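Please read each point beside the model.

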Amino acid sequence: MNNYEYILSDISILKGVGNSLASKFKRKNIHTIFDLILSTPSKYIDRSTETKIKDLHIGKIQTVTVLVDKYNFPRFRNLPNKVICSDNSGNLECIFFNSYEGYIKKILPLNKLVTISGKITFFRGKYQITNPTHVSADKNKIKKIHSNYKLTDGISDNIYNKTIQEALRKLPKLDEWLSQNVLNELNNVSWNDAIKHLHKPKNYSQDKKYINRLIFDEILSTFIINSNIRRNFKKKYKLPKIIDYSLTDNVEKKIGFKLTQDQINAINQIYFDIKSNERMFRLLQGDVGCGKTIVSLIAAQNIILNKYQVAFMSPTEILAKQHYKLFSKIFGNSFCAELLTGKTELKKRKVVLLNLKNKKIDIIFGTHALFQKKIEFKKLGLIIIDEQHKFGVNQRKKLSEKGGSNCDVLVMSATPIPRTMMMTLYGDMDITLIKSKPKNRKEIYTYTKDINKIDVVINFIKKEINNNNQVFWVCPLIEKSKKLDHQSSIVRYEYLKKIFKDKVGLLHGSINKDKKDEILNNFLNNKIKILVSTTVIEVGIDFPNATCIVIEDSNKFGLSQLHQLRGRVGRGEKQSSCILLYKSSLSEKAKKRLKILKSSNDGFFIAEEDLKLRGYGDLLGFQQSGQKTFRLADPIINEDLFLLAEKEIKAIENNNKNLSKYNLLIKLYDRANIVNELI
Ligand code: ADP
Ligand code: MG
C-alpha cells in the first residue's frame, strides 16, 4: 500500500470500527482516515487548575477540591437531591436530578475530600454544580485537559478519542512537500507532527503552530488546484478574434444610455483577452445593478461577428429568459438567438439542439441545461456565466473543457467578497472589477419596521402604486410552516389580495412554468403592481419600474442576501425604497444587524460584516452542498496564511519545474478530484 493510500482508506479498515460505528462517522461526513484525523476537537476543556470556592466564576467549567459535609435527599418527586460541600473559603452544592442515592453516596462519600469539575451556576445565593460528571477522590483523574469532538448520536468522546488514536498509530511518515522558505515561516512543523499535535490536548494554547501548518496545506492545495486549472486552460493556443470597436457606440444608441467608465474599462479588458491567442478565463465582478449584462452582450456581439457561437448560462430560468429578451430587444433579428432551459419542450428542444450543431443559432441563453453532454456546438467561441456564486470550481472546469480550444470564458458575479475569499474561489481566473454604478441611480432608502406597523407599510405601498410604481414583497417560505415561524408568501398574498384585489401576483418555486411566465409578464407589463414571492427574484432579474421592496422576516436572511434582494429595486431613475420587516420579539442584536443594511449601500462592506457575523461558510445564505470550501482554514481569521500561500503559489508558478513534489498534497486534499497528476 502506498503511504497515502492508507490515509485515504475508508475508516472501516481501522481496528474497532465496525459497520455501525463507521456509518455513524459517515453521518458526520467522516469517510476516510484522512477525514477523521483532520476532524479537529471542537474544544479542549481545561479542568487542570483548581479554584477556591470563593473565586469561582459563574458559567465556567471549573475544578474544586471540597469536603463532603451533608446530604439533603428530599424524597419527593421532582425535587432534586443535594449534597452540600465546602472548602475553607465557602460552600458549594452539588445538585442531582434523577440520580440514585446510592450512586451519590458512592461518588461523594460523607466527610471525605473529593475533586469535582463542572459548570458553575449560582442559585439563591449558592454556587452549584448540577449532575457533576467529573468527580473523583483522585485529583489526577480530574485535573486534565480533555479533547472534545463535536459528537454525533452514539459516538462518545471516549470512542472518538480511541478511534483517532488507532488511526494515528499507523500513520505513515510523509515526505515533505513544502519548500524550506515556507517551512521556516511555519516554525518547521512537519505534516505528521501537526496531525499528531492536533489531537493532543497538552499545552494546547501554544499549539497554534501545529494547526497553522495544516491550515497552510489546505490553502496551498486549493491554490495549486486553481493554478493548475488555469494553466491547463491557457496552455492551448487560441485563434485570436477580431474586435469591431464601433459596436459599443451602436449599442449605446439603441439602449439610450451611456456606458460608465468602469463598464468601458471592463469591455476593453475583455477585448484584450478576446483578441489575444490565450483563452480568456475572466471574472467580471461588480455589485448588483452596476450593469454587467450589457458589457457581456457587447462582447458577445463581437464574438458572433467573428462567426462563432455564444452560450450564455444563468442560474435560473427567469433570468435566462430576461437576458434572452434583452438581447433580442437590442439586436432584433440581426442574429439568431434562442432560449433553452430544463423546461423547454421536447420538440422545440430537438430543433434547438440540431441548430446548435449546424450553427444556425448564434447565441443561446439558458440554465445548466446548456452544458449537458448531449448538447453540441458547431463552433463555440464564448461562454458567459452569470451570477457565478451558484457554480463551483468543478463546474467551471467541466465547462471550460466543453468549449474547445478557441473558446473564451467570461464569468459574472455580484458577490462582493474579501480578497482572501477571492483568491480561493476565483484564483484560477483573471479579474475585472466594476466599482461604480450608473450615475442616474438614486440611493435606495432603507427602513426597518415592526410587523405590527404593517398598516403604515400598506399606506406607503398605496402611494407608490398611485404613482404608477411597482412593489416586490418577499417572504422566506412557500407554504405555511408550523415548525418555522416565518410568514409564508401564500398567506401574505391572500392578505394583500384583500386590500389590493387583482393588482397582486404570487410567484414561487413550485408554481408551474406557464403560470410563472404569465405572472412575470403581467408584472413586466405593469398589470400586476405587487409581486409577492420567495427569493426566486433574488438574482439578477431587472424590473426598472419596481421602486419598493418589502422583505418580511428580514432577519432570517443573510446580510449579503438582503443586499442582493434590495438590489432588485433602484434600477431606474426613480427614488426607491427597501422596507425590512421584523417581528416585535426580535432581539437587540438582530436589530443591530439589520441596521448595518440601513447604514450602508456598499456591497463589500456589507459582505465583510456578514462574514464576521455568520462565518464564511454561509456567505450568501445559500446552504447548498453543505460542504465548506475548507475544513480548517478561515479566510478572515487566517488572512496571514492566505497571503503566505499567495506568495508561495506565485513562486511555484514562476519556476514551474518541480510541481510533482506537490502530488501527494494534491492527492490528499483535492476532494473533488479536479487535478489528476501534476507534472
Ligand atoms: P447587474 O450588474 O446586477 O447584472 P444589470 O446588468 O442587470 O446589473 O443592470 C441593471 C440595470 O442598469 C439595467 O436596467 C440596465 O439596463 C441598467 N444600466 C446598465 N448600464 C447602465 C448605464 N451605464 N447607465 C444607465 N443604466 C444602466
Ligand atoms: Mg446580473
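1. A search of the whole structure finds 1 cavity of 30 Å³ or more. Here a cavity is a set of points, on a 1 Å grid over the protein atoms alone, where a 1.4 Å probe fits but cannot get out, and lining residues have an atom within 4 Å of a point. The largest cavity has a volume of about 70 Å³, a volume being the space filled by probe spheres set on the points, with grid points joined across faces, edges and corners.

2. This is a predicted model, in which local features need pLDDT of at least 70 and side-chain atom pairs count only at pLDDT 80 or more, while totals for chains, interfaces and linings use all residues. Residues are numbered from 1 along each chain as its sequence is written, chains are lettered from A and ligands numbered from 1 in the order in which they are written, and side-chain values use heavy atoms, without hydrogens or water.

3. Ten residues line the largest cavity, and Ile224, Ser227, Arg231, Ile652 and Leu659 are the closest to its centre. Helix H9 (208–235) and helix H23 (639–654) each supply at least two lining residues, and H9 gives the most, with 4. Helices (H or I, at least four residues) and strands (E, at least two) are DSSP runs, numbered from the N terminus.

4. Around ligand 1 there are 16 residues, of which Lys258, Gly289, Thr293, Arg441 and Asp542 come nearest; a residue counts if one of its heavy atoms lies within 4 Å. An oxygen atom of ligand 1 is 2.6 Å from a side-chain N or O atom of Thr293. A nitrogen atom of the ligand is 2.9 Å from a side-chain N or O atom of Gln263. The protein covers 90% of the 570 Å² of accessible area that ligand 1 has on its own (Shrake-Rupley method, 1.4 Å probe).

5. The whole structure holds 20 aromatic pairs, that is, rings of Phe, Tyr and Trp (its six-membered ring) with centres within 6.5 Å; planes under 30 degrees apart count as stacked, over 60 as edge-to-face and the rest as tilted. The pair Phe233 and Phe281 is stacked, because the ring centres are 4.3 Å apart and the planes at 20°.

Note on methods
1 Å grid on protein atoms, 1.4 Å probe; cavity = no way out; pocket = protein on both sides within 12 Å on 5 of 7 lines; lining within 4 Å. Polar contact = N/O pair within 3.5 Å; in protein donor to acceptor, adjacent residues only side chain to side chain.
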